[in-house]
Amino acid sequence: MENAFGQPQTVVVLGGSSDIAREVTKKLCGARARTVVLAGRNESLLSEAAKEASNAGATATHTITFDAQDVTSAETAVAQSFAAVGAPVDLVIIAVGLLGEQMLDENDPAAAARMSIVNYAWPVTALAALRQRMIAQGSGRIVVISSVAGIRVRRGSYLYSGAKAGLDRLCEGLADSLIGTGVTLQIVRPGFVHTKMTAGLKPAPFSVDAERVAKDILRGLGTPARIIYSPSIMKWLFALLRHLPAPLWRKINEDR
Amino acid sequence: MSREKLYGWGRTSPSVAEVLEPTAEEVSSLLGSSTHVLSRGLGRSYGDAAQLAGGLVLRNSAMTVMDTIDSDGTVWVDAGVTIDDLIRVGLPQGWFVPVTPGTRQVSVGGAIAADVHGKNHHVDGSFGHHVRSLVLATPSGTITCSPTDRAELFWATIGGMGLTGVVLRAQLQLLAVTSDKVIVDTTRFTNLESVMHEMQSGDHRYRYSVAWVDCMTTGATMGRAILTRGDHADRSNDERQSPREAKIGVPFSAPSGLLNGLSIRAFNELWFRMAPKQRRGEEQSIGAFFHPLDGVRDWNRLYGRRGFVQYQFAVPDTASETVVDAIKLLAESRVPSFLAVLKRFGAGTPGPLSFPMPGWTLALDLPVGPAALPRVLDQLDSLVLEAGGRVYLAKDARLDPATFRAMYPRFEELLQIKRTVDPDTVITSDLARRLELIRK
Ligand SMILES: Cc1cc2nc3c(=O)[nH]c(=O)nc-3n(C[C@H](O)[C@H](O)[C@H](O)COP(=O)(O)OP(=O)(O)OC[C@H]3O[C@@H](n4cnc5c(N)ncnc54)[C@H](O)[C@@H]3O)c2cc1C
């Protein structure tokens, strides 16, 4: 069970080998997490992440593989994860995502479809598979890794950002649907994060590393905040940017 | 049946369950109707002891029958009868509850399950010491037990956090009094050492004793304290009155942060300024002396949406230093805490989860929020454990399974006794799951 400070004992991470997920998992295990399920695409990366979790304090780790390009894998992955925990699941993190290559993908129908499936359709399917299970538990927390990129979609990454925007908005409604069930959903909106996914990209202002995002997420877990920004200045920055006149918005994003 | 979100008094980690308010007759059949069941009183435990996420919670509020009080002061009551009810009915007849916690809004079921203690623990022991007999509904049937009949089950239920069964009724031994007043001596101390010395040497002269300690001052005034001690006034021809209703209410949650370091510091300061250096023989009402917080209804909401935790530990007499170290750690880490309550404990019960031990107990109210708080409390756990002490489960909302097992090494005994009456582990709680006492 989660304790008074929002520290879970059982954790399921969908997209468990992402840099952010790995940092979060390590920190959770440093607090109260003991049973950890890491689900993702790459078995060897997942095993590495599982080893990290054990070193950080987990006593039972499980890895499960799925392919996020196939939405039918979502329900199986969720069912397997819950079965592996074998007790109430305190926290589910959805950290599945694909940045893609905008300039190549935007004229390739199959690639465009892939971007919306991995970043939107798969997470939505997984959330649907989770929802009833969590409600039946009467407790638990869902954390969805979104992005500030979804707050205002820009030309240079609209396939990724647009899918995140959809996921993010959907989760606001989903979170409302959970009120009174004992289950809470929190949306994480990181800014530019230095990870293997963004390697080689030009960092945006106020860029952070995955460790910092993990720290902000852990702090957010102990609060009733619906949305967790990382770094927190993103909240104010994007409150401004989302209302910027379009020509100016395009201008500041010209080289990105 | 309705699904309801259930909180502890600290309002930190609620969960949703089906909730029913059965009569005593209905309880047995309900124990077979759901995979997981737990009983609940008035929800005055601070953490998750009275919660069962996704299960069936039986509130004891429909079990309210109170028999007439026998001439020897024994009385049979249903588990849903409250300390408040007992005082209201008993006091005009010259009977007081043998033990009262800091609030009257506690059910007899909850008082038994947590084996609550009061300001008289050093003299009279805990609530369980005054239970003559109890009727327990279990998945294996309804069982009457007492210190002489099925004693193991009896003592496992006293302080068993509701995990052995549902208490339906209990026979209590009340305390004869001749007035509704307490004669109180108050003394102010400028540091911890002096108040602890006075308690150690002088508490035995009073039935009731408790000290309020400021955990936010450092240096020479670290642990300054106000000690109040008293006894029932002996006036055989008084007209006795029961305490008044709560007058002021706190209907809504305050914005988090209202009770921040600054305002708590100011409150603590004021409290000390107002206390007399020394006052003897002051007459106080039972309400003012035992339940000062009951005057403000729902005061726990003042802590805002994130709630608060209470950290209460007991350490043996030989570990007085631990009390000092704990207060020092808190003051130095600058996590705000309200006046802490320091008390002398007598012996515990034979029960496997009995909390008290001869020595000291300290209770701290801590608003959730400061980033350092979870770690500071883990550090306190280590101090307490090292001293051979333990944390009070009725207040706990954050202890980890390994530390729990080390603090309560006899937990296996509880599980053994539980298996004899609940072989399929129907009865469990969020607390039991969190402590991995029961993995269901
Ligand atoms: C302001 C305040 C001051 C307090 N001061 C003290 C104090 O001085 N000393 C002290 O010891 N405690 C103190 N407490 C804690 C309180 O006395 C205990 O937590 C008590 O158990 C609460 O009783 P309840 O009826 O609210 O039970 P709940 O909090 O609802 O339940 C507590 C436990 O009792 C079990 N339970 C309830 N009914 C039954 C039943 N019929 N059969 C079996 N199990 C049952 C529950 O399953 C749960 O494990 C204080 C609490 C507050 C809010």
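Let's start with A:P231, which sits in the loop between strand 9 (227–230) and helix 8 (233–241) of chain A. Keep in mind that this is a predicted model. What kind of peptide bond joins A:S230 and A:P231? A cis one, with omega at about -10°.

While we're on chain A, here's the overall picture. Its secondary structure comes to nine helices and nine strands. Along the principal axes, the C-alpha atoms of chain A fill a box of roughly 55 × 35 × 35 Å.

Okay, over to chain B. Here we have 13 helices and 20 strands. For 440 residues the globule rule gives 22 Å, and chain B comes out at 21 Å, so chain B is as compact as a globular protein of that length. Its C-alpha atoms fill a box of roughly 60 × 55 × 45 Å, again taken along the principal axes.

Now the sheets. Just as a reminder, strands of a sheet pair through backbone hydrogen bonds, either parallel or antiparallel. One open sheet in chain B has four strands in the order 5-9-7-8, with antiparallel pairing. Which strands are at the edges? Strand 5 (74–78) and strand 8 (141–145) of chain B, each pairing on one side only. Ignoring direction, neighbouring strands in this sheet are turned by 10° against each other on average.

Inside that sheet, strand 7 (residues 131–138) of chain B is joined to strand 9 of chain B by six bridges, and the two run antiparallel. If you want a pair to click on, B:L136 stands opposite B:V167 in strand 9 of chain B.

B:M161 is in the loop between helix 5 (151–157) and strand 9 of chain B. B:M161 isn't a glycine, yet its phi is positive, about 55°. Most residues other than glycine have a negative phi.

Chain B also has an open sheet of eight strands, with the order 15-11-13-12-18-19-17-20 and antiparallel pairing. The edges there are strand 15 (278–285) and strand 20 (390–391) of chain B, and each of them pairs on one side only. Strand 18 (residues 340–345) and strand 19 (residues 359–367) of chain B run antiparallel, with five bridges between them. One of the pairs to look at is B:V341, whose bridge partner in strand 19 of chain B is B:A363.

Last stop, the ligand. How many residues surround the ligand? There are 34, and the closest are B:S39, B:R44, B:S45, B:S107 and B:H117. By class, that shell has 18 nonpolar, 13 polar and three charged residues. Strand 9 (166–173) of chain B turns up again here: along with strand 3 (37–40) and helix 3 (108–113), it supplies at least two residues of the shell.

The backbone gets involved too. A backbone N or O atom of B:R44 is 2.7 Å from an oxygen atom of the ligand. For B:H117, a backbone N or O atom lies 2.7 Å from a ligand nitrogen, and for B:G102 the distance from such a backbone atom to a ligand nitrogen is 3.0 Å.

Note on methods:
Residues are numbered from 1 along each chain as its sequence is written. Chains are lettered from A and ligands numbered from 1 in the order in which they are written. This is a predicted model: local features need pLDDT of at least 70, side-chain atom pairs count only at pLDDT 80 or more; totals for chains, interfaces and linings use all residues. Side-chain values use heavy atoms; hydrogens and water are left out. A residue is near a molecule or strand if one of its heavy atoms lies within 4 Å of it. A polar contact is a pair of N or O atoms within 3.5 Å; within protein, one must be able to donate a hydrogen and the other to accept it, and residues adjacent in sequence count only if both atoms are side-chain atoms. Ala, Val, Leu, Ile, Met, Phe, Trp, Tyr, Cys and Pro count as nonpolar, Asp, Glu, Lys and Arg as charged, and the others, Gly among them, as polar. Two strands pair if DSSP finds at least two bridges between them. Axes are lines fitted to C-alpha atoms, for helices over the stretch in contact, and angles run from 0 to 180 degrees between N-to-C directions. The radius of gyration is taken over C-alpha atoms; the globule rule is 2.2 Å times the number of residues to the power 0.38.
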